[in-house]
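This note is for a colleague who is meeting the structure for the first time. Please keep the sequence and the model open while reading the numbered points.

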Amino acid sequence: MPILVFIEQREGAVRAVSRETLGEATRLAAAPGEAGSGPVVGVCCAASDPGLAALGETGAAEVLLATHASFAHYEPTGYTRAIVAAVEQVKPAALLFPASAMGRDLAPRVAARLGVGLAADCTALAVEGGRLIATRPVFAGKAQQRVAFTGTPAVASLRPKVFAPVSGGNGGPAKVTPLAFAAPEALKARVREVKATTAGKVDLTEAEIIVSGGRGLQGPEHFDIVESLAAALGATVGASRAVVDAGWRPHGDQVGQTGKTVSPKLYVAVAISGAIQHLAGMSSSRCIVAINKDADAPIFRVADYGIVGDAFEVVPALTEAVRALNAQR
Amino acid sequence: MLQVVCIKQVADTETRVRVAADGKTLDPSGVTWIMNPYDEFALEQALRIREAAGAGEVVVVSLGGAGLQTTLRNALAMGADRAIHLKTDAVQPDPLQVARALAAAIRPLDPHIVWCGKQAVDDDAAQVGPMTAEMLDLPCVTVVAAIELQGGTAVVEREIEGGREVVEVTLPALLAADKGLNEPRYASLKGIMAAKKKPIAEAAAELGAPALEPVSLALPAARAPGRVVGQGAAAVPELVRLLRHEAKVI
Ligand SMILES: Cc1cc2nc3c(=O)[nH]c(=O)nc-3n(C[C@H](O)[C@H](O)[C@H](O)COP(=O)(O)OP(=O)(O)OC[C@H]3O[C@@H](n4cnc5c(N)ncnc54)[C@H](O)[C@@H]3O)c2cc1C
Ligand SMILES: Nc1ncnc2c1ncn2[C@@H]1O[C@H](COP(=O)(O)O)[C@@H](O)[C@H]1O
């Protein structure tokens with residue numbers, strides 16, 4: 001049976017998370033059993049074709065394109081109708097979404113419309129005994145739940161930065177086919193505008209490297225040392241809740257249980273104690289560095305590498321060293 | 001104007017997770033139960049809207065077992081007018097089941113706004129809100145961090161990657177609250193006293209068949225213990241060497 005993948009585009013460009021989701025679909029399709037052994041088909045909602053044929057390279061055999069003028073911005077009612085139409089046409093074993101802001105909003109609506117279960121924000125998928133099993137962090141990463149599905153299709157959303165895209169996938173361009181669906185007449189919710197908050201910067205959930213600052217920095221004016229280190233590393237700046245609640249940084253910067261969950265390859269925690277709710281959001285990072293003046297701070301228990309010391313001394317020195325390294329390359 | 005706030009009772013965020021004997025669910029012994037933090041933002045906003053309008057009713061709805069009463073009383077003490085307890089013995093109904101039961105209970109109330117939290121901090125599903133909206137045929141905006149009511153519409157802001165979407169939504173609608181929407185109040189002594197007299201209606205939760213089948217719950221593999229590279233700025237060269245040549249991340 002086929003696997004259907006929602007291809008997320010914004011402002012006319014396919015987003016990187018879609019290629020990650022396609023990558024996992026391609027691996028699943030190669031697995032034996034009901035859930036596997038079918039073609040990978042994409043479904044994309046857009047105002048016009050965002051270059052879908054190129055997705056052949058990353059694993060899609062075909063992409064169904066639902067076009068509508070209102071699709072210039074994300075619009076859940078029409079998107080849901082289009083995806084449900086694609087499910088009826090393709091009859092997939094599984095339907096996969098990226099667990100991005102859009103995917104987390106859209107997937108539950110589609111699942112509810114189809115009357116099937118959704119495993120959200122998965123970090124692994126596997127076909128076992130012919131059925132799909134999804135692994136997902138619960139209790140903010142303190143435990144992992146594995147779930148199976150009672151209906152078809154199995155719907156899952158996949159955590160960004162966890163799944164790798166494939167290359168050379170189909171050996172050719174994907175076939176792009178227009179999708180017929182009943183567009184909604186009047187929209188009850190519509191995007192008026194998108195305000196860029198981190199213009200030109202990579203979002204925390206998609207960043208390869210993150211440098212986060214905590215209350216130990218004593219004031220918003222001292223975040224310049226974090227900003228400089230982030231600039232040298234090509235990183236995005238994050239923050240603890242204490243810092244956000246104090247108004248030093250915007251809410252969008254918060255990492256943790258009531259903030260963003262991130263999985264970068266490198267996470268640098270500066271003057272952050274490592275409260276359980278902070279660890280919840282970042283402990284799946286590949287490599288964690290902690291800089292804290294308190295040798296007993298809990299952050300050192302999860303850090304791969306720690307430096308015990310004053311951030312105001314260590315961070316500028318680290319920035320200099322990274323710059324020197326960059327200069328050699 | 002009637003507003004409904006969906007509230008889930010969850011394990012405190014400090015909870016040390018232990019797996020129950022069934023190997024699939026949380027061992028509830030010794031767990032402190034709290035109102036899901038995101039639902040506090042939802043409830044607070046509903047109360048503010050009622051207060052600003054000077055009229056209206058805020059009804060809290062929660063699905064779960066008998067122990068839920070304390071969380072409902074807390075919601076009433078914060079200022080909700082009445083509560084509905086959808087009773088079930090199911091330990092871990094899946095989001096589709098919960099949405100089905102909530103939608104059935106909410107539909108006859110004909111609310112102006114249905115509030116949910118962005119996600120429950122136990123299952124981290126972030127599904128029940130939009131699923132309930134789909135079943136009620138209501139427009140829905142998730143991850144709401146700001147709201148302004150303008151007659152029959154709400155203008156809300158939601159966080160997306162690298163920005164905020166400003167969404168105009170026609171009421172009635174379902175809105176899922178994010179942190180940052182407001183600063184939730186604490187229940188006052190007067191509120192706590194008043195809550196004792198407020199009604200909690202009980203009804204059986206109409207869950208229907210499960211859509212997900214729990215296979216297992218397990219603790220993640222512990223991270224290998226890290227090491228302290230050194231003290232102060234003197235440790236920087238060694239840290240950079242490790243990041244470059246051992247971890248290969250820079
Ligand atoms: C329901 C709930 C949800 C929550 N959600 C989140 C969440 O999503 N994210 C989150 O982060 N927190 C969250 N918290 C809050 C969390 O419990 C902590 O209070 C918070 O993470 C602490 O932030 P911090 O580490 O910056 O500050 P602190 O705990 O005050 O730590 C400051 C650290 O800086 C160090 N320090 C001080 N000066 C220096 C210096 N000059 N150089 C180096 N180090 C120095 C200190 O040794 C200390 O370790 C939540 C709490 C609750 C109850
Ligand atoms: N058992 C429940 N009773 C009432 N509301 C719930 C329940 N479960 C989830 N919700 C609502 O749905 C939101 C999202 O929950 P979830 O989809 O489980 O992450 C919560 O913040 C609540 O507002």
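1. A salt bridge is here a side-chain nitrogen of Lys or Arg within 4 Å of a carboxyl oxygen of Asp or Glu. Between chain B and chain A there are eleven salt bridges by this rule, and one of them joins the side chains of B:Glu213 and A:Arg131, with N and O 3.3 Å apart.

2. A word on the basis of these values: this is a predicted model, in which local features need pLDDT of at least 70 and side-chain atom pairs count only at pLDDT 80 or more, while totals for chains, interfaces and linings use all residues. Residues are numbered from 1 along each chain as its sequence is written, chains are lettered from A and ligands numbered from 1 in the order in which they are written, and side-chain values use heavy atoms, with hydrogens and water left out.

3. The interface can be described by its residues and its area. Taking contact as heavy atoms within 4.5 Å, chain B brings 78 residues and chain A brings 90 residues. The buried area (the accessible area, with a 1.4 Å probe, that two parts lose on being put together, summed over both) is about 7200 Å² between chain B and chain A, and carbon and sulfur atoms give 53% of it. In chain B, the residues that lose the most area to chain A are B:Glu161, B:Lys179 and B:Arg223, which together make up 12% of what that side buries.

4. Polar contacts are pairs of N or O atoms within 3.5 Å; within protein, one must be able to donate a hydrogen and the other to accept it, and residues adjacent in sequence count only if both atoms are side-chain atoms. Across the interface of chain B and chain A, 49 residue pairs are in polar contact, both residues being at pLDDT 80 or more. Several elements of chain B each supply at least two residues to the side that touches chain A, among them helix H1 (37-53), strand S12 (212-218) and helix H6 (236-246); helices (H or I, at least four residues) and strands (E, at least two) are DSSP runs, numbered from the N terminus. The largest share of that side, eight residues, comes from S9(B).

5. By class, the side of chain B that touches chain A has 41 nonpolar, 16 polar and 21 charged residues, where Ala, Val, Leu, Ile, Met, Phe, Trp, Tyr, Cys and Pro count as nonpolar, Asp, Glu, Lys and Arg as charged, and the others, Gly among them, as polar.

6. Strand pairing also links the chains. Strand S10 (residues 143-149) of chain A pairs with S12(B) in the antiparallel sense over six bridges, two strands being paired if DSSP finds at least two bridges between them. Within S12(B), B:Leu217 is the bridge partner of A:Gln145.

7. Ligand 1 lies between chains A and B. Of the 27 residues around ligand 1 (a heavy atom within 4 Å), those that come nearest are A:Ser240, A:Gln254, A:Thr258, A:Ser273 and A:Gln277. A polar side-chain atom of A:Gln277 is 2.7 Å from an oxygen atom of ligand 1, and a backbone N or O atom of A:Arg215 also lies 2.7 Å from an oxygen atom of this ligand.

8. Around ligand 2 there are 19 residues, of which B:Cys6, B:Asp39, B:Ala120, B:Ala126 and B:Gln127 come nearest. An oxygen atom of ligand 2 lies 2.5 Å from a polar side-chain atom of B:Asp39, while backbone N or O atoms lie 2.7 Å from a ligand oxygen at B:Cys6 and 2.8 Å from one at B:Val128.

9. Some backbone details deserve a look. Most residues other than glycine have a negative phi, and most peptide bonds are trans. A cis peptide bond joins A:Thr152 and A:Pro153, with omega about -5°, and another joins B:Leu171 and B:Pro172, with omega about 0°. A:Pro153 sits in the loop between S10 and strand S11 (154-158) of chain A, and B:Pro172 in the loop between S9 and strand S10 (173-177) of chain B. A:Lys91, which is not a glycine, has a positive phi of about 50°.
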